Amino acid sequence: MNKQITVAELVELLEEIAPPQLAEEWDNVGLMLGRRSKAVHKIMLALDMTAETVAQAVAFKADVLITHHPAIFKRLPHITDANWQQELLLQLAEHGIAVYSAHTNLDCVSNGVNDCLVKRLGITDEDILDNSNGLGRIGFVSESSLTAFAEHVKKALHADYLVVGDAGRSVRKVAVCGGAGSDLIEEALRHQADTLLTGDVKYHDAQRAVFSGLNIIDAGHQCTEWPVLEDLADRLSLRFTEKNWNIILKVAKESLLLRHV
């Protein structure tokens, strides 16, 4: 017999998958909004809480919206319709939709953002890039030119465009970090990677990488994190079945925020 569960029971499962204690100190993860006693029938999964994903959650009549990026990142002094973020939180509250966010804990955990990125790109013999916090991964691909590897990345991640910094090296040992991973340039160099793939690369960070002999590929913040959504949806659906939980789960359709024109 299928069992109906509450937000509290769902949170317990989510925190087994991505323990909150793995999150960075500056991060905000966990249940952001909602009653823990609320029954859960439908779940929407998304990278972000945006007008687009909230509208989909409302239309789907979701009970919970699970996001990767925190729905509430910094302390809110009030919640009104004064800005877009607070307006969305009000809409979710008015429709009884709880919000749960798993951010850097989902980045670093096994089978999280970075492992899914490695799998999507066909990187083998992978290892953790930064052992101090579990962020990033490093492994190997069949040797190719930077141009050929960039084309592979673009297709694999369904990226609208890439930004590439060419250090004049072929691609064999690749470091990756979903989202914004420029802080891992030194770690990539220390591990003797020839290429770092991430998102949100700033000009001077690109200079530091390229002039130090490291190819760098900016595939965009969203595109480097999207692979985790389908994988997490499959894993959650399997766990729901194992537990006889009667839950319908749907992955939101999200538009690229930054597009090539």
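How many salt bridges does a search of the whole structure find? The search finds 9 salt bridges, and the structure in question is a predicted model.

**Nonpolar cores**

- The largest nonpolar core comprises 30 residues, and those with the most contacts inside it are Leu10, Val40, Ile43, Val64, Leu106, Leu236 and Phe240.
- At least two residues of this core come from each of helix H1 (7-17), strand E4 (42-46), strand E5 (64-67), strand E6 (98-101), helix H5 (113-121) and helix H10 (227-242).
- Another core, of 20 residues, lies apart from the largest one and includes Val118, Phe149, Val174 and Leu197.
- Ile43, when residues up to four places away in sequence are not counted, touches Leu10, Phe60, Val64, Ile66, Phe240, Ile247, Ile248, Leu249 and Lys250.

**Salt bridges**

- Side chains of opposite charge can, in general, pair when their charged atoms come close.
- Lys3 and Glu9 form a salt bridge in which the closest N and O atoms are 3.0 Å apart; Glu9 counts as partly exposed at 22% relative accessibility, and Lys3 counts as partly exposed at 40%.
- A salt bridge also joins the side chains of Lys38 and Asp63, with an N to O distance of 3.5 Å. This pair links distant parts of the chain, 25 residues apart, with Asp63 in the loop between helix H2 (51-60) and E5, and Lys38 in the loop between strand E2 (30-33) and strand E3 (39-40).
- Within that pair, Asp63 is buried, because its relative accessible area of 9% is under the 20% limit, whereas Lys38, with a relative accessible area of 26%, is partly exposed.
- The side chains of Asp205 and Arg208 meet in a salt bridge of 2.7 Å, N to O, and because these two residues are 3 apart in helix H8 (residues 203-210), they are separated by about one helical turn.
- Arg208 is partly exposed, with a relative accessible area of 30%, while Asp205 counts as buried at 18% relative accessibility.

**A strand hairpin**

- Strand E7 (residues 124-130) pairs with strand E8 (residues 135-144) in the antiparallel sense, over 4 bridges, and Thr124 has Phe140 in E8 as its bridge partner.
- The two strands, E7 and E8, form a hairpin with 4 residues between them, and Gly134 in the turn has a positive phi of about 80 degrees.

- The structure holds 1 cavity of 30 Å³ or more, and the largest cavity has a volume of about 50 Å³.
- The largest cavity is lined by Leu14, Ile17, Ala18, Ile66, Tyr100, Ala102, Leu106 and Leu232; of these lining residues, Leu106 is also listed among the residues with the most contacts inside the largest nonpolar core.

**Surroundings of Arg120**

- Arg120 lies in helix H5 and is partly exposed, with a relative accessible area of 34%.
- Leaving aside neighbours within four places in sequence, Arg120 is in contact with Ala156, Leu157, His158 and Pro227.
- For one of these contacts, Leu157, the separation from Arg120 is 37 residues in sequence and 7.5 Å in space, C-alpha to C-alpha.

Technical notes: Residues are numbered from 1 along each chain as its sequence is written. This is a predicted model: local features need pLDDT of at least 70, side-chain atom pairs count only at pLDDT 80 or more; totals for chains, interfaces and linings use all residues. Side-chain values use heavy atoms; hydrogens and water are left out. A nonpolar core is a set of buried Ala, Val, Leu, Ile, Met, Phe, Trp, Tyr and Cys residues joined through side-chain atoms within 4.5 Å. Buried means under 20% relative accessible area, exposed over 50%, partly exposed in between (1.4 Å probe, protein chains only). Contact means heavy atoms within 4.5 Å. A salt bridge is a side-chain nitrogen of Lys or Arg within 4 Å of a carboxyl oxygen of Asp or Glu. Two strands pair if DSSP finds at least two bridges between them. On a 1 Å grid over the protein atoms alone, a cavity is a set of points where a 1.4 Å probe fits but cannot get out, and a pocket is an open set with protein on both sides within 12 Å along at least five of seven lines; lining residues have an atom within 4 Å of a point. Grid points are joined across faces, edges and corners, and a volume is the space filled by probe spheres set on the points.
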